[in-house]
Amino acid sequence: MEPSISIKNLALSFGNLKVLKDLNLEVGQGEFLVLLGSSGCGKSTLLNCIAGLLDITDGQIFIGGRNVTWEEPSQRGIGMVFQSYALYPQMTVAGNLSFGLKNAGLPKAEIEERVNRAAKILQIEPLLKRKPAALSGGQRQRAAIGRALVRDVNVFLFDEPLSNLDAKLRADLRVEIKQLHQQLQNTMIYVTHDQIEAMTLADRIAIMRGGQILQLDTPHEIYNKPASKYVADFIGSPTMNFFDGAIEGGDQLRFTTGDLSFTLEGYEFDAGSPAPGTAWFGIRPEHMLSGADAGNAPIRMNGQVNLVEPLGSDTLARVTAEGHSLWIRLDGQAAIASGDSIAIGFDPARANLFDKTTENRL
Amino acid sequence: MADSQVLTDTAAVTGPFGRRPKPIFSRRNIMLYGTLIVIAVYYLLPLYVMVVTSLKGMPEIRFGNIFAPPVEITFEPWVKAWSEACTGLNCDGLSRGFWNSVRITVPSVIISIAIASVNGYALANWRFRGSEVFFTILIFGSFIPYQVMIYPIVIVLREIGVYGSLTGLVIVHTIFGMPILTLLFRNYFVSVPEELFKAARVDGAGFWGIYFQIMLPMSLPIFVVAIILQITGIWNDFLFGVVYTKPDTYPMTVQLNNIVNSVQGVKEYNVNMAATIITGLVPLTVYFLSGKLFVRGIAAGAVKG
């Protein structure tokens with residue numbers, strides 16, 4: 001099937017500063033793609049290029065099979081939702097929704113019908129006569145989504161739409177956006193720096209850094225098989241525990257770090273057994289076992305609890321073991337206090353190994 | 001146990017509680033309000049003398065007691081200043097200059113603000129190649145002393161045939177208002193969230209569509225600031241008025257000078273005072289009517305950016 005959005009060799013530079021470098025990306029029809037990265041990685045810039053709000057330096061952009069590289073934002077068949085809502089303060093919600101349609105010269109009856117339909121989907125019908133200043137944060141964001149919705153386009157672009165909301169509202173609206181996507185079935189590109197939004201919303205996540213896409217894959221793959229140490233470190237909270245050491249050959253590959261040495265039995269290497277050499281061994285806090293479970297783990301050690309962070313549903317503990325400082329995720333009911341001794345263990349099958357020099361997954 | 005209970009109770013009753021008392025005649029208040037009153041008197045006293053003198057007849061003024069309120073209130077000096085005082089050949093008072101000033105100020109204010117707001121909007125939101133250079137040149141223009149430009153402008157106005165007419169003066173005021181007004185509008189529009197502008201582009205609005213439908217309705221405060229700056233600036237202008245017009249088209253300020261500085265005959269202090277107050281009345285009214293909006297506009301845009 002024809003991809004909904006296709007970006008070919010896209011480059012953007014401001015003077016000598018290269019913000020996007022030779023970027024290629026294809027987004028399928030009806031796909032929910034999340035652009036994820038820390039600030040300054042070029043994710044918002046990429047979105048602005050797709051929207052036509054920034055003039056690109058090189059490359060091509062296709063939307064719905066049409067070359068839109070030189071087209072105005074309004075002619076690209078996109079709707080966009082901004083972080084600061086960007087509602088026109090002097091217009092009512094209805095005025096905000098209909099502004100683009102009036103500019104497009106649509107007949108009055110059709111404008112009204114589309115506004116009402118969008119308002120119904122987003123449940124903002126009672127708010128249509130109000131000015132943005134009289135709306136709460138969540139209502140404003142809904143009105144902003146409505147402005148994209150009335151345009152009747154196949155592609156929605158979201159630029160960190162939930163960043164200005166408080167935590168609870170953000171979770172609520174996240175669910176609503178997901179439901180909206182399931183209902184409308186159109187292509188959505190969503191920029192965020194929040195990995196929870198990325199993991200929960202995306203069909204695929206593109207992790208960006210320095211104007212390039214480091215990894216483009218499903219949330220499941222990105223979480224379980226990060227392609228590089230940067231991605232592994234970026235996804236997951238608290239971050240993955242890393243051991244700095246070396247892989248040693250033999251009948252059975254071993255990983256050695258300081259006084260600790262263990263076999264890598266059960267680990268699936270990406271491209272067969274690697275040559276011995278320095279490497280990072282990474283394991284997520286939630287894959288660290290403790291207490292009775294630790295006894296069954298292939299690798300076991302004893303540690304000292306330094307810090308406990310109870311989150312209610314889980315408890316996080318910072319543990320020092322064998323000279324390493326590690327995060328461990330425990331059950332929320334675990335009775336644990338700072339200063340306790342604790343047995344911990346893990347299974348290399350759940351681990352991630354990265355080459356020390358290239359930082360790529362082994 | 002019981003003793004300590006009692007102790008804490010009395011401490012709670014006798015110790016500080018509730019709102020902290022603020023004595024009215026504290027040293028701080030006396031200093032503060034004392035200074036303010038002295039300064040206010042210092043600035044209001046001349047105005048008082050002017051109003052009082054303008055309501056007196058000449059015999060009363062000759063007593064020399066300038067602070068005394070008028071014994072016999074007369075409005076004759078006001079009438080004379082408005083419609084009878086002589087400036088050069090014309091003896092129809094300030095009324096001629098007033099209407100000249102109106103005919104200079106109104107078009108100058110409207111044209112300069114209309115152009116400068118579009119300039120500022122383009123410079124803030126539609127960065128074009130060389131826009132920064134253009135902006136720098138424009139700002140640099142406001143640092144060139146007027147004296148340097150007076151004569152070249154005389155020649156230019158003469159060549160295009162508007163020297164000595166009101167049209168010429170309107171053009172001069174429009175040009176000289178441009179740097180500061182453009183700066184004012186640019187800084188205000190820069191402070192408008194960029195996403196608003198982007199959203200309007202996605203919505204298909206063009207250069208003028210965004211200007212008229214999005215930016216203009218949002219920028220009332222800065223327009224008020226610009227209007228006040230221009231009305232007071234142009235109304236109070238003396239230099240350009242005296243250089244670029246002729247007696248028939250003198251603005252009010254030039255006429256006031258001619259009335260007050262006339263060397264023939266008796267100095268009519270009461271008429272001079274009345275004429276001065278009448279001339280100052282327009283900017284004064286503008287300030288009174290728009291003081292609040294002015295402060296809000298200055299705070300909203302002019303300082304930021």
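Strand β1 (residues 5-14) of chain A and strand β2 (residues 17-27) of chain A run antiparallel and are joined by seven bridges. Here helices (H or I, at least four residues) and strands (E, at least two) are DSSP runs, numbered from the N terminus, and two strands are said to pair if DSSP finds at least two bridges between them. The structure is a predicted model, in which local features need pLDDT of at least 70 and side-chain atom pairs count only at pLDDT 80 or more, while totals for chains, interfaces and linings use all residues. Residues are numbered from 1 along each chain as its sequence is written, and chains are lettered from A and ligands numbered from 1 in the order in which they are written.

Strands of a sheet pair through backbone hydrogen bonds, either parallel or antiparallel. Inside this sheet, β11(A) and strand β12 (residues 254-257) of chain A pair in the antiparallel sense over three bridges, and A:E248 has A:R254 in β12(A) as its bridge partner.

Several backbone features of chain A deserve attention. Most residues other than glycine have a negative phi, and most peptide bonds are trans. The peptide bond from A:S237 to A:P238, however, is cis, with omega near -5°. A:P238 has its place in the loop between α8 (229-234) and β11 (241-248) of chain A. A:E322, although not a glycine, has a positive phi of about 50°, and this residue lies in the loop between β17 (314-321) and β18 (324-331) of chain A. A:E322 is partly exposed, with 14 other C-beta atoms within 10 Å. In these terms a residue is buried if 20 or more other C-beta atoms lie within 10 Å of its own, exposed if 12 or fewer, and partly exposed in between, with C-beta atoms placed from the backbone. A:E359 is likewise not a glycine and has a positive phi of about 65°. A:E359 is found in the segment after β20 (352-355) of chain A and is partly exposed, with 16 other C-beta atoms within 10 Å.

The text now turns to the contact of the two chains. Chain A contributes 17 residues and chain B contributes 14 residues, two residues being in contact if their C-beta atoms, placed from the backbone, lie within 7 Å. On the side of chain A that touches chain B, β6 (78-81) and α2 (93-103) of chain A each supply at least two residues. The largest share of that side, three residues, comes from α2(A). By class, the side of chain A that touches chain B has 11 nonpolar, six polar and no charged residues. Ala, Val, Leu, Ile, Met, Phe, Trp, Tyr, Cys and Pro count as nonpolar, Asp, Glu, Lys and Arg as charged, and the others, Gly among them, as polar.

In chain B, the domain assignment gives domain 1 (23-74) and domain 2 (95-302); such bounds come from an automatic or database domain assignment. The C-alpha centres of these two domains lie 34 Å apart. Their contact takes eight residues from domain 1 of chain B and seven residues from domain 2 of chain B. On the side of domain 1 that touches domain 2, α2 (27-54) and α3 (58-62) of chain B are the elements that give two or more residues, and α2(B) gives the most, with four residues. The residues of that side divide into four nonpolar, three polar and one charged.

Two helices of chain B also meet: the axes of α5 (residues 95-125) and α11 (residues 220-236) come within 9 Å and cross at roughly 145°. By class, the contact of α5(B) with α11(B) has nine nonpolar, five polar and no charged residues.

Finally, B:S142 lies in the loop between α6 (131-141) and α7 (146-159) of chain B. Not counting residues up to four places away in sequence, B:S142 touches B:P179 and B:I180.

Definitions and conventions:
Axes fitted to C-alpha atoms, helices over the stretch in contact; angles between N-to-C directions.
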